[in-house]
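Colleague: I have a few minutes before my next run. Can you walk me through this one?

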Amino acid sequence: MPETNEQKFRRLVDAFNAGEQESVILEIVSPDFKVTNAPPGAPSDRDGWIATSKMFQTAFPDIHVEITDIVGGKNRLAIHEVVTGTHRGELMGIAPIGKSATVEAVHFVRFDGGQIIE
């Protein structure tokens, strides 16, 4: 049975948590991908997603994403996640402060042809 879009996204998060997301991004994120909420100065394409992931893993070496809810239809998912980590490396010019942070996020993800496009 083919992998569902939800399963693909969960696999992507698992790979991110393991620090091994680049190959999964290259597999399931379209080369035509565009992100609508890239950090300031970050490219809004697939390579930008890879770079941004690495940036956050460097700044928060213990970063962990927990998916708390996923809803969606055939080609769209809405994902709620809780991200935790300790600020131990520079992040966009901000020196590490050694404090833990928790951020809740909601993402709306669109798939086309089995790949994340937006």
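Modeller: One term before we start: a residue counts as buried under 20% relative accessible area, as exposed over 50%, and as partly exposed in between. Ile67 has 16% relative accessibility, so Ile67 counts as buried. Keep in mind that this is a predicted model.

Colleague: Where is Ile67 found?

Modeller: Ile67 sits in strand 1, residues 64-72.

Colleague: And what does Ile67 touch, leaving out residues up to four places away in sequence?

Modeller: Two groups by number. Ile67 touches Phe9, Arg10 and Val13, and also Ile79, His80 and Glu81.

Colleague: How far is Ile67 from Lys8, C-alpha to C-alpha?

Modeller: The separation is 13 Å. Along the chain, Ile67 and Lys8 are 59 residues apart.

Colleague: Let me zoom out. Which helices and strands does the protein have, and in what pattern?

Modeller: It has three helices and four strands. Along the sequence the pattern reads α-α-α-β-β-β-β.

Colleague: What about overall dimensions?

Modeller: The C-alpha trace spans about 45 × 25 × 20 Å along its principal axes. The radius of gyration is 14 Å. A compact globule of 118 residues would have one near 13 Å, so the two agree.

Colleague: How much of the protein is buried?

Modeller: Buried residues are 36% of the 118 residues. The accessible surface comes to about 7,000 Å². Carbon and sulfur atoms account for 53% of that surface.

Colleague: New topic: charges. How many positive and negative ones are there?

Modeller: There are 11 positive and 17 negative charges.

Colleague: How many salt bridges?

Modeller: Five salt bridges. Side chains of opposite charge can pair when their charged atoms come close.

Colleague: Which residue does Glu27 pair with?

Modeller: Arg11, with the closest N and O atoms 2.9 Å apart. Glu27 is in helix 2 (residues 21-28) and Arg11 in helix 1 (residues 5-17), so the pair ties together parts 16 residues apart in sequence. Glu27 is partly exposed at 44%. Arg11 is partly exposed too, at 26% relative accessibility.

Colleague: Which residues form a network of salt bridges?

Modeller: Glu3, Arg11 and Glu27 are linked that way.

Colleague: What about Glu22? Which residue is its salt-bridge partner?

Modeller: Lys54, and the closest N and O atoms are 3.0 Å apart. That pair links distant parts of the chain, with Glu22 in helix 2 and Lys54 in helix 3 (residues 46-59), 32 residues apart. Glu22 is partly exposed at 33%, and Lys54 is partly exposed at 40%.

Colleague: And Glu118? Which residue does Glu118 bridge to?

Modeller: Glu118 bridges to Arg110, again with a closest N and O distance of 3.0 Å. Glu118 has a relative accessible area of 35%, which is partly exposed. Arg110 is partly exposed at 27%.

Colleague: You mentioned helix 3. Is Thr52 buried or exposed?

Modeller: Buried, with a relative accessible area of 14%. Thr52 lies in helix 3. Beyond its neighbours within four places in sequence, Thr52 is in contact with Pro39 and Ala42.

Colleague: Last one. What is the phi of Met92?

Modeller: Positive, about 50 degrees, although Met92 is not a glycine. Most residues other than glycine have a negative phi.

Colleague: Where does Met92 lie?

Modeller: In the loop between strand 2 (76-86) and strand 3 (100-112). Met92 is partly exposed, with a relative accessible area of 45%.

How values were computed:
Residues numbered from 1 in each chain as written. Predicted model: local features only at pLDDT ≥ 70, side-chain atom pairs only at ≥ 80, totals over all residues. Heavy atoms only, no water. Helix = DSSP H or I, 4+ residues; strand = E, 2+ residues; numbered from the N terminus. Rg over C-alpha atoms; globule rule 2.2 N^0.38 Å. Buried < 20%, exposed > 50% of the residue type's maximum accessible area, 1.4 Å probe, protein only. Areas by Shrake-Rupley, 256 points an atom, 1.4 Å probe, with all protein chains shown as cover. Lys, Arg positive; Asp, Glu negative; His and termini not counted. Charge placed at Lys NZ, Arg CZ, Asp CG, Glu CD. Salt bridge = Lys/Arg side-chain N within 4 Å of Asp/Glu carboxyl O. Contact = heavy atoms within 4.5 Å.
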